[in-house]
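Subject: Structure for your files

Hello,

Here is the structure I said I would pass on. My notes on it follow below.

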Amino acid sequence: MSQTQPGSPGIQIQITINGEPRRIAVQASNTLLDLLRHDLGLTGTKKGCDHGQCGACTVLIDGRRINSCLQLAVMQDGKEITTIEGVGQASQLHPLQQAFIERDAFQCGYCTPGQICSGIALIEEGHAATRDEIRELMSGNICRCGAYPNIVDAIEDVLVQRSGVSREAAE
Amino acid sequence: MNRFSYHRAETLADAISHLRGNPAAAIIAGGTNLVDLMKYEVERPGELVDVTRLDELRGISETPDGGLRIGALVPNSDVAYDERINARYPLLAHAVLAGATPQLRNAATTGGNLNQRTRCYYFNDVATPCNKREPGSGCSAIGGVNRIHAILGASDYCIATHPSDMCVALAALDAEVEVVGPDGKRRIAFADYHRLPGDEPQRDNTLRPGEIVVAVTLPREASAFAGNYTYLKLRDRLSYAFALVSVAAALKVDGRRIAAARLALGGVAHKPWRKLEAEEVLVGMSTDDAPFSRAADILLAGAQPHEHNAFKIDLARRAIVRALSQAAAGTPQSLTDKRIA
Amino acid sequence: MLRNDPHIGSPRNRVDGPAKVTGAATYAAEFAAECLGYGYIVESSIARGRIRSIDVSAAEAAPGVIKIFTHENRPQTAWFTYKYRDQVGPPGSPFRPLYSDEIQYSGQPIALVVATSFDAAREAAALVSVSYEEEPHMTDLSIARSDAYEPPKKRMGIAPPPDPRGDAVRAFSEATVRVSAEYSIAAEHHNPMEPHATTVIWEGKGKITVHDKTQGVQNSQAYVASVFGLSSDEVRVVAPYVGGGFGSGLRPQHQLFLAVMASLALERSVRVELTRQQMFSHVHRPETINAVSLGADAGGKLVSIQHHAVAATSQFEDHQENVVNWSGMLYHAPNVDLRYELAKLDIYSPGDMRAPGAPLGLFALESAMDELAIAANIDPIDLRLRNYTDHDENNGKAFTSKELRACYREGAARFGWSKRNAQPSSMRDGRELIGWGMASGVWEAGMMKTAARAVFTADGRLELSCATSDIGTGTYTILSQIGAETLGLEMEQVTVRLADSTLPASPVQGGSWTAASAGSAVMAACQELQAQLFKLARKVDGSPLADAGEDDIAFANGRILLRTNPAKSVSLAEVIAASGETKLEAEKSASPGLIGAMRYASYTHSAVFAEVRIDEELGQIRVTRIVNAVAAGRILNPKTARSQIIGGVVWGIGMALHEETLTDHRLGRIVNHSLAEYHVPANADIYDIDVVFVEEHDDKASPIGVKGLGEIGIVGTAAAIANAIHHATGKRLRNLPMTIDKLLAA
């Protein structure tokens, strides 16, 4: 593992993206976000700030939600990455994607893939049951359109579906 | 971002040998601060040494003397949700959860949290003078926009603050930093790990060249504070913002008597701010009428405001009193209900 | 059977939802091209002066660099400044990137590095070395205001303050109850989540397709054609998805210029994407200072209103907004004096940002009204009702509709206003003081000439197209609803194409006029299709509609049917099959009625109610409840409409508590140019937001009765919060944002 330059073949890494194992040559300075967007055509993951200040680039790395803009691609060797493209397609939406549509939990749509990846992880993490907890644990995803109340509604819907308890009991 | 070489360390010795004699080399783990600063051109390492594959830096384990050892690679989230930490050092868990976001906490490591750099506007903007970034260029924050800057322990060279929440709790809990370098292993008391800026603000801490943080250890005695503690953070929005002022307060309560006290401030100095005298005035006092405001006055003695941050002195004083009240009552500040109890 | 759940007026999911939740929606920086060149901008570090030298040799030698553009080697572009004008720009000389060695503001683009990869361009950009000849700069409005001036040339579409009425100074001095104070609002940056970006696809032979982050594809197209001397068929601009605009995409921004310049010069596709830091190098809401004096009689009836505002602008343009006119039309007063001035700073030109002007002026007016209510010991709603006006006193016109009374009534009921104890600091819950405040909101209900095309095809599908955009406002969805409703189709049978400069003409998407304008155009085009279809239906062999008149029929369930006997019908598929055509097409435009505009003034109104909870000792402010009652005419889609208002309220909360662009005046440079230090509300900051749409029928504002919703949500919100903070604490904060330090110091 050593130095790379633009134009040089780069460093070979093995990563699994949305279930598909891939061998890719990356430059040392490539972030995971730029690798996804520029090199792999997976533009569902968004660049909002490129500095970990907005959450638009959130993906799941080995199941954990992480800002892909601050991860060097070369360091992802051996990891499993899930992006919004791997969460669900229009013909078969993830329940949280459907809930986002039903609750109108987005407007411009730019922060949405990051919100959904983050929300899926939040549900898996199991630390949020109340609206206050959802709000706090979704605060790593900025939505400039201000869809926050609807985002909380959408996540709460899926939490309730998952747990089988009523909405009132969850509050 | 500059061009750099990348080296994935396979052993700790390998990592140290890469750092040794190569001042342009930097360690990377979580990346949440270093990659951020590299994109701003604030950090321009010639080589990145990736230590994320080093098993000896992982995991939370018991120490022989009954404390806990947190490996440098343990992500902030794992610290926050670890059962042993929540049972014995809940102040630490609370402080970690008060900082950053779930995504950042999943990536950011314990060692990286110690070594994160200031959020000073000017440090982060290479178009402006900054002694921390470019020694000798001047401090733009002095006489500039300094609402978020230090009120304690600053110098004519730098008025930046340390941005960590976790470190405020570690300071209060008398943690130790375990480092390994070319000359072997050593342990640094937490209070001695971070520096005040003095005339060398470019140095954030007392790590020597080639040294790597391998773990942070929490002493057994600090678990005596698990019943009465709080981490109270005041900031410009209710989440995802650095502290204007934060307080880690912990009391060892014997009946209604305070047997020991710990008090540290974040957001006010170049390092977590602690003064033993402030804690000592509380010892032996009743939780009902302990001189919390006196403790605050001692801790804040010598505070020096700048044009825009004088409010921090008053805010810190009030926050200390409230935090000590919360600790005394055994009602730590909720991290999700934003009402301050 | 007629549907009993009409598309128009019913809550509908966004038709672009599946694309947005799956990541399939593609934004400006996401279009791929062969041999794409990546552009990275180098910015100036000084605010005013000249570039003495710019050394690009190290950068040029960096691997992957294709070309570095500076003012020294910029390809020829239009000479005259007027060529750089756009549809919405203010009077002045538009900023021309890389035009000369002159530095006009800190953050000005001074070089563009184009390389084979993003990383290579970014790396090389850091190697560009510049030396400057600095000149003294001024970025401090508190100083520059002493040289404020009335803008000599007025901005098109922005009414200047009306002539003074009566003698406001004298009436004020004689008034029984008086309040007079200064209210200021910090500069703010739009910060849409999608940074500004342009991808130019080089199509060969001088033709380009431009994927631009814009709220007006035809505005961008005209700008590019004018600046680069292209014909309109050589440049096509598209923006099917825009990751938030809020006004930042109204005018062509410099990344558009730079990307097109590089693409034409290099004859290859080029993308230029701003970093978040660079998003602070262009348009923003101007810092504005308001002086307001209100005088009233003992009963609270206003006798004098004076509202003088000073706003920042750049050295090169006179950006203007309607800040003060609201104070002459929201309440009745016999003596009114409104003034609006600008002060020049060494900054980039401010521009329109969500409800430009209104929340600035209304923060002042509605705070002052709250102060007056306290001084006169009158309930704040009662005070507003006592000064209610039924016509626009700035111009004497009647309102097309005004249900502001209903907003007060229904909003107050929903909020529980009657339980309010007027005494400050009288309500608390533990350590928190509770404050309830309210404010009025108002925004123009505009309509602009817009064209749309409707095509009905033999497969029973309807395609609607218009050059307007959907920046997250729900335009795709409401146009689908209008089309489906008019032709009696399901929404799934309707496709909407927007934001392509080749489509029927539309103005920029802004000003809350898109639903009224594009909606009316689509309605007109679909009605034209209705006429065509009906004409053909009557000719179908054995048509049950042969003798029917236009008023006898309806379009429903894909059929044309007799209202009196819905069983008698013809399917649209039969109609088109019988006609022998493969498709029917109609293009219509809709315009505001000129006579109506001469006689009527049209506004949306709102009443905003805010609850704050403030830690008494620590000054932490939480906005725990907002009720926003809105009168905006016909609501096409209550679901997306509610989201628009919620979004506006979140902006109002940000304006009230968080947002502030901080400038170091010694350096003339913005210092908090990041989303870590420029705070917009996070999820944890937003509690309950309750939106009420009051019934309002308006047959004059627009042909479809719509008034628009994009801005009204923000307008009164900051004032309502400031008033609630006063109610909680007895402290009057007149300087936004209301941060913890200001509250503790008050």
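Domain bounds, as used here, come from an automatic or database domain assignment. For chain A, that assignment gives domain 1, covering 11–85, and domain 2, covering 95–170. Please keep in mind that this is a predicted model. It scores ipTM 0.98 and pTM 0.98. In chain C, the mean pLDDT is 97, with 99% of the residues at 70 or more.

Within chain A, the centres of domain 1 and domain 2, taken over C-alpha atoms, are separated by 23 Å. The two domains of chain A do touch: 14 residues of domain 1 are in contact with 11 residues of domain 2. On the domain 1 side, strand S3 (58–61) and strand S4 of chain A each supply at least two residues. S3 of chain A gives the most to that side, with three residues. Sorted by class, the domain 1 side that touches domain 2 in chain A has six nonpolar, five polar and three charged residues.

Now to the contact between chains. How many residues of chain A are in contact with chain B? There are 29, and they meet 25 residues of chain B. The elements of chain A that give two or more residues to this side are strand S4 (64–67) and helix H5 (131–137). By class, the side of chain A that touches chain B has nine nonpolar, 14 polar and six charged residues.

Regards

Note on methods:
Residues numbered from 1 in each chain as written. Chains lettered and ligands numbered in written order. Predicted model: local features only at pLDDT ≥ 70, side-chain atom pairs only at ≥ 80, totals over all residues. Contact = placed C-beta atoms within 7 Å. Helix = DSSP H or I, 4+ residues; strand = E, 2+ residues; numbered from the N terminus. Nonpolar A, V, L, I, M, F, W, Y, C, P; charged D, E, K, R; others polar. pLDDT = per-residue confidence, 0-100.
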